[in-house]
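Hi,

Here is the structure I said I would pass on.

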Amino acid sequence: MSCSPFDLKDYFLQELPSSQRVKLEAHVKTCLTCREELERLQLTGAALFSLRDEEIPQRIAFVSDQIFEPSPLRRWLSGFWCSTARLGFASALMLSASIFFAAIRPGPIVDRPAVATVAAQQQIQQQIQQAVSNAVTEVEARQAEKTKQLVAYIEHQNVETLRSVRWMAGELDANRKRSQVRQMAMYVQPGESGEVK
Amino acid sequence: MIFRAVEDADLIRQATRGNVESFNLLVSRWEKRVYNYLLRITANREDALDLTQDAFLKAYQNLRKLDDPGRFAPWLYRIAHNEAYSMFRKRKPETDVEEIEPEATETKITVGGSSVFPIELSLAVASALDRLSTDQREAVVLKIYQGFKFEEMAEILSCPVSTVKSRLYTALELLKLELAPMKARGVS
């Protein structure tokens, strides 16, 4: 059992950071058990390295076969579709381009509301004028009718009044005549009877 | 004029445009490492060579799917790993891949070239590696011989980092028991 602060195998396999390596080396100098364990690992490593790499018995090389070799276009397409980075970049580029063109283009979508607004305003103005003129005509016609009726009523009233006045004048005249007759009669009656009042 | 080394990323870019020669240059840079990785998990030269060719062919066909050229190495090893496990399953469909053992020690990997190490130690190492499970052996190969980080190993093996560490630590314990005394006795 190792008493080392860090794993001796990690040290042997060179997987320890430098700060931990320094601490472990300091510990190994003072601890006989850990030093012996590390020596065993190093002996094992040295033994393993006695097995040398072999040369490859046959060199590997490839030749380009024109029959099976895809065309440059197909290679480019294959490379494009296999690369997420390229696909992402192309998508971003297309999006940017569409935003840019939409921003700089004096599109009909932008102008159409302005034209429509002017036309609508003119139409509304015409409708308002038409409605006002219609209303004015109606009011004038109604007022003319009322005036006509009023004039007719007044004329009728005048005729009635005149008739009444005439009747009253006739009555008055008749009354006056009757009273004169009555007075004449009073004056005449005593004389005829021989008595003077 | 400024000169700089041609990096893998440059070759990958040119290869995706259909430049086969750039891909061949990329192959020449990686074929030995991939071959030895496959050799150590299959323990068979023919299989390792076939799988290496298949892995590079698949890599060429799918190179356009590699978004980050900086992750080429884990991506390539992931293909090689898949090819190897596909072969294991085809050969022993009823057997769990974990139980598949490599070939017998008689056909085991031998030391290539004029090694300064004695043959006995190499044989002992090969034998000790053979006794590990397939997953443990692959973890050791990826870490010790190929130098990948835990995160890259997890990506290649398609499992959590904790699983990678567990397999590697167990394998190291087993290897240590066999190899450390031998090395300490001064076989080398």
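The contact between the chains draws 43 residues from chain B and 32 residues from chain A, where two residues are in contact if their C-beta atoms, placed from the backbone, lie within 7 Å. On the chain B side, helix 2, helix 3, helix 5 (119-131), helix 6 (134-145) and helix 8 (161-184) each give at least two residues; helices are DSSP runs (H or I, at least four residues), numbered from the N terminus. That side of chain B splits into 23 nonpolar, 11 polar and nine charged residues (nonpolar: Ala, Val, Leu, Ile, Met, Phe, Trp, Tyr, Cys and Pro; charged: Asp, Glu, Lys and Arg; polar: the others, Gly among them).

A quick caveat: this is a predicted model, with local features needing pLDDT of at least 70 and side-chain atom pairs counting only at pLDDT 80 or more, while totals for chains, interfaces and linings use all residues. Residues are numbered from 1 along each chain as its sequence is written, and chains are lettered from A and ligands numbered from 1 in the order in which they are written.

Now B:Arg64, in the loop between helix 3 (45-61) and helix 4 of chain B. Beyond its neighbours within four places in sequence, B:Arg64 contacts A:Ser78, A:Gly79, A:Cys82, A:Ser83 and B:Thr16. Its C-alpha atom is 8.9 Å from that of B:Ile12, 52 residues away along the chain.

B:Ile12 and B:Thr16 are among the buried residues of helix 1 (residues 8-16) of chain B, along with B:Leu11 and B:Ala15 (buried: 20 or more other C-beta atoms within 10 Å of a residue's own).

Cheers

Definitions and conventions
Buried ≥ 20, exposed ≤ 12 C-beta atoms within 10 Å, placed from the backbone.
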